[in-house]
Each structure stands twice: as structure tokens, then as C-alpha cells.
Amino acid sequence: MTLAIAAAGGFLLWLAHMPLAWLLGAMLATALSAFLHVPVSLPKHARPPMTAVIGAVLGTSFSPEIFRHAAAWIVSLLGLVAFIAITGALAFVYFRRIARLDPVTAYFSAMPGGLVEMITLGSERGGDERMIALIHAARIFLVVLALPFLIEALTGFDIDRTATVSAASATVAVDDILWFLAAVIGGAVLASLLRLPARFLVGPMLASAVFHLTGLTDFELPAAALAGAQVVIGATIGCRFAGASPRIVLQAMLLSAGATFVMLLCTAAFSSVLSLAGGDCFIAYVLAYSPGGVAEMSLIALSLNVDVPFVVLHHIVRVLTVVAGASAAFRFFKQ
């Protein structure tokens, strides 16, 4: 039932030619259903295979030319650390002074990344686990929902409604399917063995990139398959609001909206400075610094033909930095 609701939402936005239609439509439909007490739910193991599909598609966008500015990424990554510190501090002040949350809940709600880790660390230190979870879920929801339209409005870029590198099903050969499965399964297994961060996305992406860069294959995924992956990922975001009362969900949305607005302002400011200093694409920095999910931001990058490795690397570093530094810095913010 949940997948049917999500697919219907995606199809409606696809008919309306909306950007990232299947992802956003599924997310909105399931979130609205949860708000109306429809018992939407997906098992935890539903998202990883679909994330691996997205990763394999992202790998198809790799080319030797994409790394031509790789040396300059160091400056951007250093800027990302400053960005995390500033946005985290501003969001903490917002949650303490304006939202009036307790120090522990405010701190772990303010961290821009590591949803599961922030919920775990916050609950261990006496924070409101449900509020932390809902605020982070709302942040991801709001960023994914708003960013495509903001980018279109500010830059004039037209985000394709499918946001994919895809082919018609009839043109996909058997060997393409085998290479695709090798990238998805082999990449996920290898990344798990190596304990890479975001392994279900990064492993298949790197495997697919290697296959394409070495000329072993040039497979493209059928549009229907990738749409299905986006439906599942969108549904998992919407289902995070299931079980909570509409009042609590609305409260979390409103509280998160203020912090998300602050974070996106910081994103725009850092992106403007870095793009002027380095001469690189403003949109690439926006996607790399936006406090959204790795898979979702990468899909937007793919649709805009922005450097996918650049965006993915920054989000992985962001999550690792937040998770590693959250506990260490906690004592400075709890007063």
C-alpha cells in the first residue's frame, strides 16, 4: 500500500513535469498519508538496494575531465569544516533561544548530518529522541523539497523531471544488465568489507565509475527502474513521520524550517564566496554544502550535469565530520 501511494504521488508530479517528480512525489504522498494517520510503513532493508541503484547510475557520469579541478577541492573541503561549525552553532542558538529546546535536544538537533547517529547520541545523553528524529527528518524533507525549485528560480537551470541517465528498456542489452548488477552487488559487498561510509551508495558508484572509465561498459539504466528507486527512497523519507501525531509533526516542521532556512543561507553565502574565489560552478557548491541527503543531492547534481564526485565527496566528509566531532564538541554547547 505504501509503495502504491508513493508511486501515485510520483506519477502525479511526473504528469505535471515537476523536477525530481518520482522522488518528491513519493516523499510528499507518504508524508501526507502519515499526517492523515494512514499506516504507511517500509522495512529498513527496502532503502539500501535502491540506494545502490542510484549509486550505480551516479557512476555513469564519471569521466576523466570531471577531475580536472580535483586539486582545488581541498580548499572547498576545508571550507566545509568551517561551514559545519558555523551552521551548527547558529542552529544551536536558534533551537535554544527561539525554539526553547533543552540543551541536549537543541545541540543534537542542530548538527547538519548523521541522522541516525545524532538520534542515538542525543538519546544517550538525555535528549528528546522523538523530537531530534522528527527535526532531522523534517530538515531532509524540506531541503529535498525546496532545493530543486530554488535552484531553478535563482539560476534558470531546468531540472529534468526524471533526473537520470537512462535509456529506453528496449535498448538495454543483457550484458548491460550484467555489468549493472556487478556494479550494484559487487560494489556494495566490497564497500561493506572495507567499511566505507555510505557504503550502499559509494560502493556501487565507484564500481560503476571504474567500469565506465576503463571502457568495460557504457550501460545506462532504464528510466522505469530508476524511477522505482526514487519512489522507494522518497517513501522512506515520508514514512519517517509515521506514528507521530499531526501536532508533533507540525511542530517539528515549523522548528526545523527556521534552522533549515539558516543553514541554506549559510550554504548560499559559502557557495558565493567559494565560487567567486575559485571560479567554479555556484550550483556545485550549493549542492555540495546543502544539508540534505547524499543520494538526494547527488540526484540533483546528476540532473544538472554538475560534478557528481565533488558533491558526493563533500557530503560524505560532512557526515563523517559531524559524527566524529559531535561528541567532542558537545561540552561547549550544553550550557
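Mentor: Let us begin with leucine 181, which is partly exposed at a relative accessible area of 37%, where buried means under 20%, exposed over 50% and partly exposed in between, with a 1.4 Å probe and protein chains only. The model is predicted, so local features need pLDDT of at least 70 and side-chain atom pairs count only at pLDDT 80 or more, while totals for chains, interfaces and linings use all residues. Residues are numbered from 1 along each chain as its sequence is written, and side-chain values use heavy atoms, with hydrogens and water left out.

Trainee: In which helix is leucine 181 found?

Mentor: Leucine 181 is in helix H8, helices being DSSP runs of H or I with at least four residues, numbered from the N terminus. Aspartate 176 also has its place in H8, which covers residues 174-194, but aspartate 176 is buried, with a relative accessible area of 16%.

Trainee: Which residues form a nonpolar patch on the surface?

Mentor: A patch of this kind joins nonpolar side chains (Val, Leu, Ile, Met, Phe, Trp, Tyr) within 5 Å, taking residues with over 30% relative accessible area and no salt bridge. Here Val174, Ile177, Leu178, Leu181, Ile185, Val189 and Leu193 form the patch, and together they have about 690 Å² of accessible area, computed by the Shrake-Rupley method with a 1.4 Å probe.

Trainee: How many salt bridges does the count come to?

Mentor: The rule asks for a side-chain nitrogen of Lys or Arg within 4 Å of a carboxyl oxygen of Asp or Glu, and the count comes to two. In one of them, the side chains of arginine 47 and glutamate 296 meet at 3.2 Å, N to O; this pair links distant parts of the chain, with arginine 47 in helix H3 and glutamate 296 in helix H13, 249 residues apart. Glutamate 296 counts as buried, at 2% relative accessibility. Glutamate 124 and arginine 125 also meet in a salt bridge, at 3.7 Å, N to O, where glutamate 124 counts as exposed at 56% and arginine 125 as partly exposed at 33%.

Trainee: What volume does the largest pocket have?

Mentor: A pocket is an open set of points on a 1 Å grid over the protein atoms alone, where a 1.4 Å probe fits, with protein on both sides within 12 Å along at least five of seven lines, and its lining residues have an atom within 4 Å of a point. The largest pocket has a volume of about 1300 Å³, that is, the space filled by probe spheres set on the points. Of its 35 lining residues, those closest to the centre are Arg47, Leu115, Val116, Glu117 and Arg240.

Technical notes. Helices (H or I, at least four residues) and strands (E, at least two) are DSSP runs, numbered from the N terminus. Patches are made of residues with over 30% relative accessible area and no salt bridge: like charges are joined within 9 Å, nonpolar side chains (Val, Leu, Ile, Met, Phe, Trp, Tyr) within 5 Å.
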